[in-house]
Amino acid sequence: MQKQPPFDLDAWLADKRATLATLAPGARAENLGRVERIADGVAQVSGLADVTLNEMVAFAGGATGFVHALDRDLVSVVLLDDDIAVVAGETVTRRRAVVQVPVGEGLLGRVIDPLGRPLDRDEPLAHDGWLPVERAAPAIVERASVSEPLETGVLAIDAVFAIGRGQRELIIGDRATGKTSLALDAIVSQKDSDVICVYVAVGQRSTAIERAIDVVRRYGDPSRCVFVTAAAGTAPGLQWIAPFAGFSIAEYFRDRGRHALIVIDDLTKHAATHRELALLTQEPPGREAYPGDIFYVHARLLERAAKLAPALGGGSLTALPIAETDAGNLSAYIPTNLISITDGQIVMDARLFAANQRPAVDIGLSVSRVGGKAQPRALRDVAGRLRFDYAQFLELEIFARFGALTDTRLAAQIARGTRIRALLAQPRLFALRTVEQIALLTALAQGLLDMVPPEALTSVRMRLVARRAALQGQEMSGDAEKGAIAEHVEAIRQIAAQMAATEGIGDQEAAP
Ligand SMILES: Nc1ncnc2c1ncn2[C@@H]1O[C@H](COP(=O)(O)OP(=O)(O)O)[C@@H](O)[C@H]1O
Ligand SMILES: [Mg+2]
């Protein structure tokens with residue numbers, strides 16, 4: 001695109017005279033705006049009396065923007081292009097349409113910006129239509145309660161903090177505690193499911209976005225994912241609409257009876273962009289300098305995640321928004337807002353992460369308010385007491401540090417807890433299928449894993465997963481059926497016994 005040429009009065013006059021000469025007489029009303037001020041990606045425009053909020057406008061120089069705030073005389077227009085200069089005095093015309101994004105099957109596998117402009121290759125986007133980025137959330141009567149599980153393949157989530165399709169679960173924690181990794185694991189796991197994934201990157205470094213896309217391309221099924229990116233350096237307007245655009249793209253599938261998962265990485269950056277735009281458009285700042293409507297912005301966004309009623313096709317849209325905390329401070333403004341908007345939160349703890357307990361899920365602070373109802377029955381049965389036992393163990397462990405616990409019952413509890421902890425630790429991109437999760441927890445409950453020391457549980461799990469290739473095609477259907485579970489439990493028993501025998505690791509560590 002071209003830059004606006006320097007202003008040439010004579011040429012302008014000549015041009016206008018030519019226009020006048022050819023002008024057919026007649027009256028026509030046109031709403032033409034004029035840029036009064038321009039700074040930091042926001043233009044103050046006068047003369048657009050009837051313009052509506054979120055309406056797209058076009059600048060004479062080719063740039064586009066949308067109306068973000070309305071005042072009596074001036075409207076604030078947020079620019080959507082980084083590379084086209086806008087100058088004061090430039091004319092502005094209404095597009096008479098709100099901000100829209102292309103949607104459809106053709107987006108799958110593509111990397112796009114929040115306006116649907118391709119970023120991966122030159123090939124234009126094949127799309128089935130457009131949807132406004134701001135859409136109303138489904139009403140209560142249009143919804144059904146969350147009833148199917150969204151399997152992430154991560155034991156700490158699926159067993160302890162199960163997520164249901166249509167749920168909103170916040171992933172929150174300090175920098176570099178594995179938030180993005182956990183969300184990507186969930187996306188990669190959908191390789192074996194019917195769930196469409198939309199990954200929205202807001203305000204992230206370009207290299208981090210590259211890496212995330214690369215992970216999905218390499219280990220997941222990129223042909224069922226859409227990547228919407230607005231990296232840290234892009235126009236604030238683009239970053240602002242990114243989550244909304246992502247939701248519209250995902251809703252296209254939800255509204256056709258399909259299942260979708262949206263990850264927004266992250267809403268803290270989005271809140272910062274919202275604050276930046278609000279300060280530029282002179283909205284009064286409130287707590288932590290955020291404008292008062294930040295809660296409403298995120299609430300109306302996340303409210304669009306839903307499990308639809310059967311009459312509407314029964315589709316679902318699950319949301320995993322990510323939020324970053326500062327020194328684990330969950331009571332800062334944005335974290336508390338998001339925690340109260342969502343149906344639960346997975347809290348990632350920096351200390352656990354440093355202690356190599358990864359994923360660093362804080363069992364005490366995390367919660368999933370609706371997913372338990374959607375958890376497969378067999379998994380719920382074995383996982384039921386897990387969280388309680390583990391929490392109790394964590395308390396006990398602190399006392400155990402002060403001196404040897406002589407009570408054998410307590411010692412057994414600690415031995416069991418150590419094994420739970422070892423099982424909950426899981427490397428990245430190492431998804432466990434539901435039947436494997438059930439079998440592992442069953443084996444744990446039956447004491448079959450007491451044969452091997454906790455450190456060796458990783459290799460037990462590794463060998464269990466390695467069996468999968470051999471079993472391929474045999475029993476893929478009856479995933480959570482009794483026979484399949486029993487068969488897996490038996491396999492775990494054999495693996496554990498074999499390890500205890502061959503590697504000389506007896507049951508000296510085991511519970512008495
Ligand atoms: N389960 C895990 N096991 C091992 N390493 C992990 C795990 N989860 C995350 N990591 C590593 O931790 C680092 C930070 O993770 P990342 O997801 O980028 O954190 P955040 O998004 O919270 O900033 C990455 O290098 C990642 O590979
Ligand atoms: Mg991250």
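The largest nonpolar core has 143 residues, among which Ile 187 and Ile 262 touch the most other members. Such a core is a set of buried Ala, Val, Leu, Ile, Met, Phe, Trp, Tyr and Cys residues joined through C-beta atoms within 7 Å. Helix H5 (residues 236-254) contributes the most to this core, with eleven residues; helices (H or I, at least four residues) and strands (E, at least two) are DSSP runs, numbered from the N terminus. Apart from neighbours within four places in sequence, Ile 187 is in contact (C-beta atoms, placed from the backbone, within 7 Å) with Cys 197, Tyr 199, Val 216, Gly 220, Cys 225, Leu 261 and Val 263. In soluble globular proteins, nonpolar side chains tend to be buried together.

The model is predicted: local features need pLDDT of at least 70, side-chain atom pairs count only at pLDDT 80 or more, and totals for chains, interfaces and linings use all residues. Residues are numbered from 1 along each chain as its sequence is written, while chains are lettered from A and ligands numbered from 1 in the order in which they are written.

Ligand 1 is surrounded by 13 residues, the closest being Gly 178, Lys 179, Thr 180, Ser 181 and Arg 358; a residue counts as near if its C-beta atom, placed from the backbone, lies within 6 Å. Helix H3 (residues 179-189) gives the most to this shell, with three residues. Because domain 2 (101-375) and domain 3 (381-509) both give residues to the shell, ligand 1 lies between them. These domain bounds come from an automatic or database domain assignment.

Val 141 is placed in the loop between strand S9 (129-132) and helix H2 (155-160). Val 141 is exposed because 8 other C-beta atoms lie within 10 Å; the cut-offs are 12 or fewer for exposed, 20 or more for buried, and partly exposed in between, with C-beta atoms placed from the backbone.

Conventions
Contact = placed C-beta atoms within 7 Å.
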